[in-house]
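Hi,

Here's the structure I promised to pass on.

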Amino acid sequence: MAKRIDVSGLNAYYGSFLAIEDISMSIEPRTVTAFIGPSGCGKSTFLRTLNRMHEVTPGGRVEGKVMLGDENLYGAGIDPVSVRREVGMVFQRPNPFPTMSVYDNVAAGLKLNGNFKKSELDDIVERSLKGANLWNEVKDRLNKPGSGLSGGQQQRLCIARAIAVEPNVLLMDEPCSALDPISTLAIEDLIGELKERFTIVIVTHNMQQAARVSDRTAFFNLAAVGQPGKLIEMDETERIFSNPSVQATEDYISGRFG
Ligand SMILES: Nc1ncnc2c1ncn2[C@@H]1O[C@H](COP(=O)(O)OP(=O)(O)OP(=O)(O)O)[C@@H](O)[C@H]1O
Ligand SMILES: [Mg+2]
């Protein structure tokens with residue numbers, strides 16, 4: 001079930017370095033939100049605060065609030081492991097578990113989480129691979145290593161793995177940057193389908209991609225190197241790309257900076 005996200009007053013640090021400052025935003029369920037902005041402005045850092053991955057980095061610390069539905073992910077007694085199950089993540093480089101088969105890659109999270117019968121696992125693996133538009137390409141090689149697939153197939157395998165546990169939110173950090181144009185289009189189409197079931201956030205450096213896949217776009221920027229990244233504006237994607245409110249956004253999307 002997709003859930004809404006409400007972030008308020010969020011700061012994230014690496015040791016004493018304040019990487020992102022005072023971020024507040026709301027993300028509606030069943031929408032795609034794109035994060036754009038120059039390198040180093042904190043897009044990945046912010047994304048990782050949304051599933052409690054930031055604190056895994058030594059010195060990583062978060063202040064502020066992230067509500068997922070009516071639960072504060074940084075509230076007392078919240079288990080970060082269960083947060084990461086609810087808020088799945090897909091990374092820039094496809095990272096299937098190298099020694100595992102295609103099947104086991106998709107089933108990995110389920111096996112950790114509960115007692116499924118073989119027939120139940122079979123069903124979920126098939127459904128997830130279909131959901132990731134990969135089933136037809138791998139149904140005859142489910143027991144072959146996941147690392148033997150092409151880059152684009154591996155990325156869809158990682159998406160199948162992420163959706164197999166039925167998260168509420170799917171975070172994607174430049175998921176297409178290592179892919180060829182055909183695989184990129186396949187992932188973009190897939191994002192369009194997945195948003196019917198999940199709340200999706202995607203970081204991208206590709207302005208056309210942001211314009212193609214997202215409903216809303218958030219532009220992040222930093223005043224200078226060493227300064228914290230900030231959310232400059234967030235709006236309907238169409239508006240950000242046609243008539244943004246802030247000059248810095250206009251400069252960035254028209255390639256005059258960065
Ligand atoms: N593990 C880390 N330790 C210390 N500082 C870090 C670490 N990871 C990121 N930073 C710093 O935090 C700031 C934000 O980095 P982040 O990776 O979030 O930016 P980004 O917007 O995702 O950039 P890019 O577009 O290049 O991926 C940068 O100044 C970066 O150097
Ligand atoms: Mg990044």
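Which residues of H7 are buried? They are Ser183, Thr184, Ile187, Glu188, Leu190, Ile191 and Leu194 (buried is under 20% relative accessible area, exposed over 50%, partly exposed in between, with a 1.4 Å probe and protein chains only). Looking down the axis of H7, these fall within an arc of 160 degrees, so they line one face of the helix (the arc is taken from the directions from the helix axis to the C-beta atoms).

Bear in mind that this is a predicted model: local features need pLDDT of at least 70, side-chain atom pairs count only at pLDDT 80 or more, and totals for chains, interfaces and linings use all residues. Residues are numbered from 1 along each chain as its sequence is written, chains are lettered from A and ligands numbered from 1 in the order written, and side-chain values use heavy atoms, without hydrogens and water.

Back to H7: the face turned away from the buried side carries exposed Pro181, Ile182 and Asp189. Its buried residues pack against several elements, among them strand E3 (32-36), H4 (118-131) and H6 (151-164) (contact is heavy atoms within 4.5 Å; helices are DSSP runs of H or I with at least four residues, strands E with at least two, numbered from the N terminus).

Now H4. Leu121, Ile124, Val125, Ser128, Leu129 and Gly131 are buried there. Down the axis of H4 they fall within an arc of 155 degrees, so they also line one face. Their cover includes H3, H5, H6 and H7. Just after H4, Asn133 has a positive phi of about 55 degrees.

Cheers
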